[in-house]
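Here are a few notes to read with the model open beside you. Take them one at a time and find each residue as you go.

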Amino acid sequence: VDTPGLSDVKFRALAAEEITLALKQNGLYHIFFVLTIEAGRLRPVDITTVRTVLEAAPITSFSVIINKIPSKTANKLRGHPEHQNDLLSAVLQQTPKRATLQGVFYVDSCQDLVDEDDIVWDLPKKLEEFIYTQEPIEIFAGDVANIGSEEYDALVLNAENEMAALEVKQHEQAERAKLVEDVVNDARRAMLDDNTEQVEKLKEETPIRGEAGCEALELLRREEPRIRMQKALDASSPSNVDPLRAALDRVEAQNASSPEPVMAAQEIADWKLRMREMCQ
């Protein structure tokens with residue numbers, strides 16, 4: 001059953017009735033929401049439709065088809081799970097906890113269909129496979145509430161505000177992750193260059209950058225032994241494993257004197273095995 005969305009003001013009440021009727025047929029359902037992207041993000045009206053339908057029926061799983069994706073956006077999404085997660089987070093933030101997102105399919109925009117009337121589109125094979133491999137759920141008419149349309153505009157406004165707040169949060173998280181990455185990479189280079197002064201300087205300056213700085217310092221504390229072990233491995237050879245042995249002794253001494261181990265016992269054992277293999 002293909003039902004209209006709720007974004008059209010003129011036909012909203014009728015669309016709500018049709019969606020309600022479609023969900024009251026008693027049986028197995030495959031629930032798909034077809035969404036579109038506008039200015040690089042999902043439209044608040046689409047997200048509100050998803051939320052409204054999921055709250056009206058006991059839907060435990062659903063799938064999403066994102067349609068008419070601009071080529072630049074499609075290239076950004078493919079092969080980059082972090083971008084896909086950012087895009088979908090707006091939907092997941094609005095859905096009931098009982099409803100699980102089962103799958104997502106991305107459909108590129110097709111210029112041959114733009115502004116055309118009465119065009120038959122051949123369903124891509126992969127999309128067809130996606131549709132038929134999603135698991136069905138059972139819905140009973142008595143469990144479905146009537147979908148209301150009266151508060152839809154207010155819900156859309158709320159979705160817009162929540163999406164704006166989410167984008168600010170994602171931007172802050174990205175900046176924080178970049179700061180942590182930069183600090184750790186700078187420290188790694190300084191360690192590999194035996195620039196102890198620079199390493200200590202980074203340790204002193206990083207905490208004043210707030211929570212991100214503290215996170216970077218903690219990550220650096222965990223990474224430092226591994227970086228030094230790798231440097232010792234590079235300096236060792238089958239005829240001279242002294243650098244690696246000295247680095248191992250240092251790690252074990254740090255473990256013995258620290259309330260929290262700087263390296264797990266199994267990891268130390270793995271490094272010792274590599275040293276023995278080098279000597280053979």
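Predicted model: local features only at pLDDT ≥ 70, side-chain atom pairs only at ≥ 80, totals over all residues.

1. Residues are numbered from 1 along each chain as its sequence is written, and side-chain values use heavy atoms, with hydrogens and water left out.

2. Now the salt bridges (a side-chain nitrogen of Lys or Arg within 4 Å of a carboxyl oxygen of Asp or Glu). Glu-252 sits in helix H9 and Lys-272 in helix H10, so the pair ties together parts 20 residues apart in sequence. Glu-252 is partly exposed at 31%, and Lys-272 is partly exposed at 29%. Helices here are DSSP runs (H or I, at least four residues) and strands likewise (E, at least two), numbered from the N terminus.

3. Which residue does Arg-245 form a salt bridge with? Its partner is Asp-242, with the closest N and O atoms 3.2 Å apart. Both belong to helix H9 (residues 242-257), three residues and about one helical turn apart.

4. Have a look at Asp-46 too: its salt bridge with Arg-43 has closest N and O atoms 3.0 Å apart. Asp-46 is buried at 9%, while Arg-43 is partly exposed at 25%.

Key:
Buried < 20%, exposed > 50% of the residue type's maximum accessible area, 1.4 Å probe, protein only.
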